[in-house]
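Let's take a walk through this structure together.

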Amino acid sequence: MPKDITQHTDQSSKVPASTNTSAIDRFKNLQKKEVSVEPIFKAILLKDTTALSKGITLIESTQQNHFEKSQKLIEKCLPHANKSVRIGITGVPGVGKSTFIEALGNTLIQKGKKVAVLAVDPSSTISGGSILGDKTRMESLVKSKDAFIRPSPSGNSLGGVAQKTRESIILCEAAGYDIIIIETVGVGQSETAVHSMVDFFLLLKLAGAGDELQGIKRGIIEMADAIVINKADGDNLKRAQQAKNQFRKALHLYPLTESSWSPEVLTCSALQGDGIEDIWKLILKYLDISSKNGFFEENRMRQNKFWLLQTIEGQLKHSFYNHPKIKAELPEQIEAIQQHKITPFAAAKYLLSLTKSIENE
């Protein structure tokens, strides 16, 4: 657990929170002028959110020269990172993630924390990603000088989007944000990606949605460190308590986690702010236990290994598919397969054999 997470953070920065600029505008602005890493790095250390936005845009860029500069920027920021608590939040659309994140974020800021909100959403588009709407809905949080909300980049590759999000965490930590909230907007594999980059994984659920037990999918439950039943207010309060009891009984069927932590179930009303304080206390309790038994650091190292292997795999695939020989031969092999002239396995073996000549070039 980072040593300074319980300490009051530096709130001297008067730079306003990030503006709701579209991804297209960000990339156009980046392309207009030569990007210099050193000024961006120095400004990030001074907690300049404009520089932080530029740095993340550099990471998201697909241009080769931007990639090289983004890696230099990350390398410079790395010694100043790893001093935050990373919280992953997932849940189906409509569960109230944006309202919950705003309530939690405001609570933490009142405690002297600096909060950054990032997202993993490979299905988003420039105009329609859910997190883009979230940013406009988090009206009070986005106005805080101690909050930074970053819409996720659009993209078809979960691995690519997740990697950029994880690298963005490093920049946010270097900028002094000691609480990083990672939201998974989509469903499915995005939960696994978020789980692989956070310290605490929280699953938001709804009561009365008809999925109290049906919605307990083994993979998600095994990853969750806590389940929170949201919208526990008004006429829904009784149903929320019933759902809480059902989830608690179901969790008893699962073995103790590697962290020696038994996932807990809580209720809250993010809209009214009820239960948010208890959720933060639960997170602190988890961090205390996982730090004392060594799991916190062990998990961070395991995640680093995971992303090392993921990055190698991604780079190998990128190099393979973008090589001129492969680009030329792949369509011909696909055509041959469709005409039943060759099997997919033989075609793959042939294409992979071309990499030997590629290595010698």
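**Starting from two cysteines**

The sulfur of Cys172 has its closest cysteine sulfur in Cys77, 9.9 Å away, which is too far for a bond. A disulfide is a pair of cysteine sulfur atoms within 2.5 Å, and a search of the whole structure finds zero of them. Cys172 is buried, with a relative accessible area of 0%, and Cys77 is buried too, also at 0%. Here, buried means under 20% relative accessible area, exposed means over 50%, and partly exposed lies in between (1.4 Å probe, protein chains only).

Before going on, a word on how to read all this. This is a predicted model, in which local features need pLDDT of at least 70 and side-chain atom pairs count only at pLDDT 80 or more, while totals for chains, interfaces and linings use all residues. Residues are numbered from 1 along each chain as its sequence is written, and side-chain values use heavy atoms, with hydrogens and water left out.

Next, look at a strand. Helices (H or I, at least four residues) and strands (E, at least two) are DSSP runs, numbered from the N terminus. How many residues of strand E5 (residues 200-206) are buried? Seven of the seven are, so strand E5 is largely enclosed by the rest of the structure. In a regular strand the side chains alternate between the two faces of the sheet. You can follow this along E5: Phe200, Leu202, Leu204 and Leu206 point one way, Phe201, Leu203 and Lys205 point the other way, and all are buried.

Which strands pair with E5? Two strands pair if DSSP finds at least two bridges between them. E1 and E5 run parallel and are joined by four bridges, with Thr90 opposite Leu203 in E5. Strand E6 (residues 226-230) also pairs with E5 in the parallel sense, over five bridges, and here Leu202 stands opposite Ala226 in E6.

Now turn to the charged side chains. Side chains of opposite charge can pair when their charged atoms come close. A salt bridge is a side-chain nitrogen of Lys or Arg within 4 Å of a carboxyl oxygen of Asp or Glu, and by this rule the count comes to 11. One of them joins Glu173 to Arg86, with the closest N and O atoms 2.9 Å apart. Because Glu173 lies in helix H8 (residues 158-174) and Arg86 in strand E1 (residues 85-90), the pair ties together parts that are 87 residues apart in sequence. Are these two residues buried or exposed? Both Glu173 and Arg86 are buried.

Another salt bridge is formed by Arg302 and Glu258, whose closest N and O atoms are 3.2 Å apart. This pair also links distant parts of the chain, 44 residues apart: Arg302 is in helix H13 (residues 295-322), and Glu258 is in the loop between helix H11 (237-251) and strand E7 (264-267). Arg302 counts as partly exposed, at 34% relative accessibility, whereas Glu258 counts as exposed, at 59%.

A further salt bridge brings together the side chains of Glu264 and Lys285 (3.2 Å, N to O). Glu264 lies in strand E7 and Lys285 in helix H12 (residues 276-292), so parts 21 residues apart in sequence are tied together. Glu264 counts as partly exposed at 25% relative accessibility, and so does Lys285 at 42%.

The last stop is the aromatic rings. A pair of aromatic rings is described by the distance of the centres and the angle of the planes. Rings of Phe, Tyr and Trp (its six-membered ring) pair if their centres lie within 6.5 Å; planes under 30 degrees apart count as stacked, over 60 as edge-to-face and the rest as tilted. The whole structure holds five aromatic pairs. Among them, Phe148 and Tyr177 form a tilted pair, 6.0 Å centre to centre with 45 degrees between the planes. Phe148 is in strand E3 (residues 147-149) and Tyr177 in the loop between H8 and strand E4 (179-184), 29 residues apart. Phe148 is buried, with a relative accessible area of 0%, and Tyr177 counts as buried at 3%.

Finally, come back to Phe200 of E5. The ring centres of Phe200 and Tyr286 are 5.2 Å apart and their planes are at 75 degrees, so the pair is edge-to-face. Phe200 in strand E5 and Tyr286 in helix H12 are 86 residues apart, and both are buried. Ring pairs link Phe200, Trp261 and Tyr286 into a cluster.
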